[in-house]
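Student: I am new to this one. Please take me through it step by step.

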Amino acid sequence: MTEPAPARGIDPRAPRFGAWITSVLLLVATFLGLTGIAAQSASFGWFAYQPLADATFTGSSWALPAASPGQRILDPAFLLTLVVALLFLWGVVSPTTHPWSTLFRRVVRPRLAPPTELEDPRPPRFAQGVGLFVVTLGLVLQLVGVPLAVPIATAAAFVAAFLNAAFGFCLGCQLYLLLQRAGVLGRGTRAA
Amino acid sequence: MLRHIGLVRSIRTYRGHMPLPSALIALAALVAIAVIAGLLWRARDGRRRAGADAIDLTDLGVTSGRISLVQFSTETCARCPQVRRMLQGVAAAHTGVDHVDVDLTHRPDLARRHRVLSTPTTFLIGTDDTLIARFIGAPRRSDIESTLAELPALQEAS
């Protein structure tokens, strides 16, 4: 019943350090999202400058549904969120080479006392996967023209990353069994 | 190209965009909500909850007639190892108390049967095989110790 010991442990302070950087990036992305095209109303602004662009579209109070794919992608919030998504992907695929992990090893850890114990690398990896899912959902929804999708996704991811950094909140602790109950993961051997 | 010029112009003129003060207030509210959520979570975390008399001990690895601290964990639970070390320390300090670790990663049946929704969750099982208390989150060692101290079986044993 006990889990197998991880082949190699990680310094438990490394994921929290990374979570601080991720929180700041997500907060900036949320700010850019709120002031950018995702939250822009259609009554003013560029819509008025482009009577020919998607002229058949009417009825929405938001600018995004009428924006071109290029405008949806070149939105600063979209681009920063894309960078965050790629960093989450990096954290899932190769946590040990992740930039924040490397920064922690090279710059932060030499200034700290050695860790009292090493931790399992699987929980932070799971959290990175959840973050990747949430911000990717926001990006995809903005691509298909859903207003506010990116700032809502980055705000949700910010809350999780901030709670992890500041309070030691752990997504894998809170979410895994809920996702398992919903049948998303962890079915496996079912005795009895 | 024309579209891009229009986009740039609209950003410069700021028409239709959320005003800067509103965006900053929304950000401040977001941070405040996160801090309050964190404080509430920390205050509730690991508190003792009421037990339920009957419990199906199948597959939990509990020795009948002994006091057991049954800890539910998963592979994605970052806080479980520290709780495991603490509970092992409690079990080592009291004769008649066992620590049992149950990995729910591949056991949705056990998670459902015992209504475990998050990890770490710890059940305190009495010598009469009843569920005395539940601790959802990382319990404080003092809370575990004080709950154990209330048990007549342990008082006789020690």
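**Helices and a sheet**

Tutor: Start with helix α6 (residues 122–143) and helix α7 (residues 149–167) of chain A: their axes come within 7 Å and cross at roughly 165 degrees. Axes are lines fitted to C-alpha atoms, for helices over the stretch in contact, and angles run from 0 to 180 degrees between N-to-C directions. Helices (H or I, at least four residues) and strands (E, at least two) are DSSP runs, numbered from the N terminus. This is a predicted model: local features need pLDDT of at least 70, side-chain atom pairs count only at pLDDT 80 or more, and totals for chains, interfaces and linings use all residues. Residues are numbered from 1 along each chain as its sequence is written, while chains are lettered from A and ligands numbered from 1 in the order in which they are written.

Student: Is α6(A) roughly parallel or roughly antiparallel to α7(A)?

Tutor: The axes cross at roughly 165 degrees. Angles under 35 degrees count as roughly parallel, over 145 as roughly antiparallel, 65 to 115 as roughly perpendicular and the rest as oblique. That makes the pair roughly antiparallel.

Student: How many residues of the contact of α6(A) with α7(A) are charged?

Tutor: Contact means C-beta atoms, placed from the backbone, within 7 Å. Among the residues that meet are A:Val134 and A:Leu141 in α6(A) and A:Ile152 and A:Asn164 in α7(A). Ala, Val, Leu, Ile, Met, Phe, Trp, Tyr, Cys and Pro count as nonpolar, Asp, Glu, Lys and Arg as charged, and the others, Gly among them, as polar. The contact has 14 nonpolar residues, 5 polar and, as for charged, none.

Student: Is the crossing of α1(A) and α2(B) left-handed or right-handed?

Tutor: Helix α1 (residues 13–35) of chain A and helix α2 (residues 20–44) of chain B have axes that come within 9 Å and cross at roughly 145 degrees. A crossing is left-handed if the near helix is turned anticlockwise from the far one by less than a right angle, and right-handed if clockwise. A:Phe31 and A:Leu34 are among the α1(A) residues that meet α2(B), where B:Leu27 is one of the partners. The crossing is right-handed.

Student: Which strands stand at the edges of the chain B sheet?

Tutor: Strands pair if DSSP finds at least two bridges between them. The open sheet has 5 strands in the order β1-β5-β4-β2-β3, with mixed pairing. Each edge strand has a single partner, so one side is left without a neighbour in the sheet; the two are β1 and β3 (97–103).

Student: In β5(B), which residue is the bridge partner of B:Ile125?

Tutor: Strand β4 (residues 121–125) pairs with β5(B) in the antiparallel sense over 5 bridges. The two form a hairpin with 5 residues between them, and B:Asp129 in the turn has a positive phi of about 60 degrees. The partner of B:Ile125 is B:Leu131.

Student: Which residue in β4(B) is the bridge partner of B:Val70?

Tutor: Strand β2 (residues 67–73) of chain B runs antiparallel to β4(B), joined by 5 bridges. The partner of B:Val70 is B:Phe123.

Technical notes: Two residues are in contact if their C-beta atoms, placed from the backbone, lie within 7 Å.
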